[in-house]
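Here is a short note for a colleague opening this structure for the first time. Please read the points in order.

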Amino acid sequence: MKKLLYIISVVLVLLGVSGIIIIANNDKSLYINNFEIINPKLPREMGELKIAHLSDYHSHGLNYQEDNLIDIVLKNNPDIICFTGDFIDDGTTQNDLNEIRDLFDAFKNIPVFLINGNHEFDAKGQKEYYATIMEYENIHFLKNEIVRLYSSTNSSYINIIGMDDAAFHGGLNQEEYASIALKEIENQLFNYNEFNLFLAHNPDTFDVYSRYASLQLSGHTHGGQINFPFNKLIYKYRSGLYQSGDSTLIVSEGLGTSAYLPIRVGTRLEVNFITLKNNNE
């Protein structure tokens, strides 16, 4: 009996400590990361280009901090906004969709580039979400497409390349689908010598896209969401900046949480600002 009570006591203590750790680390503050990318392919005439990189909103994960997100983005005055997938998921409600519309309204004077993540594949409210996107002239929803972002004088440009997620394409793994998707891109006047900004939800695609991308922006990992030490064995690209030759990858820890596990431990709700520069100034 004493042994059983001892075991129960130990279990209760461990559960209590675990609960304290989770509560202490379930930080809902929005953290700002700033990156500077210097690349000679960026046209000099474009000067500095500032990107707000947002990812993994999950429609319900900000815990009523949408106004804070809007304030942070607008005060940093980005030239463009890039959302790298998982805007909605299976937990999306009508109220969440209304808040998404509020976000789009707030950003209506800024060019927005948007791609699918894996969660849009079977998300609730999917049709209404896509219909909402189409109402905004400033939003470019890209599915294996290239759009050119021109300078103020229209004499130079960069390419923004939005890649669809493998979840929408027959259960292929990320690298298999990335290789297939690139063939679609190469048929759209793709030029290796220009500055090519890739938006791809899953960072594992960097193993393929790094041969083509000047810069790739991704999310998906949530920084591990519960950041145990062995996460480094699970995620090749967990968060932050990675380099492969002349190509750079930046992985956002994202803004939300999975509907099935609405906590974070040791990771942060993150807004990234990336300033692009030409090194020949």
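1. Start with Tyr 129. Its relative accessibility is 1%, so Tyr 129 counts as buried (buried means under 20% relative accessible area, exposed over 50%, partly exposed in between, with a 1.4 Å probe and protein chains only). Tyr 130 is also classed as buried, at 18%.

2. A word on the basis. This is a predicted model: local features need pLDDT of at least 70, side-chain atom pairs count only at pLDDT 80 or more, and totals for chains, interfaces and linings use all residues. Residues are numbered from 1 along each chain as its sequence is written, and side-chain values use heavy atoms, with hydrogens and water left out.

3. Now the aromatic rings. The whole structure contains 16 aromatic pairs (rings of Phe, Tyr and Trp, the last by its six-membered ring, with centres within 6.5 Å; planes under 30 degrees apart are stacked, over 60 edge-to-face, the rest tilted). Phe 83 and Phe 87 make a tilted pair, with 4.7 Å between centres and 40 degrees between planes. Phe 83 is buried at 2%, and Phe 87 is buried at 2%. Tyr 129 and Tyr 130 pair up as well, tilted, at 5.4 Å and 45 degrees. One aromatic cluster takes in these four residues along with Tyr 57, Phe 104, Tyr 136 and Phe 141.

4. Which residue does Arg 101 bridge to? Its partner is Glu 135, with the closest N and O atoms 2.8 Å apart (a salt bridge is a side-chain nitrogen of Lys or Arg within 4 Å of a carboxyl oxygen of Asp or Glu). Arg 101 sits in helix α3 and Glu 135 in the loop between α4 (126-134) and β5 (139-141), so the bridge ties together parts 34 residues apart in sequence. Helices (H or I, at least four residues) and strands (E, at least two) are DSSP runs, numbered from the N terminus. Arg 101 is partly exposed at 28%, while Glu 135 is exposed at 51%.

5. The structure has four salt bridges. One of them joins Lys 277 and Glu 36 at 2.8 Å, N to O. This pair links strand β12 (residues 269-277), which holds Lys 277, to strand β1 (residues 30-38), which holds Glu 36, across 241 residues. Glu 36 is partly exposed, at 48%.

6. Another bridge runs from Lys 236 to Asp 207, with the closest N and O atoms 3.1 Å apart. Lys 236 is exposed at 54%. Asp 207 is partly exposed at 25%.
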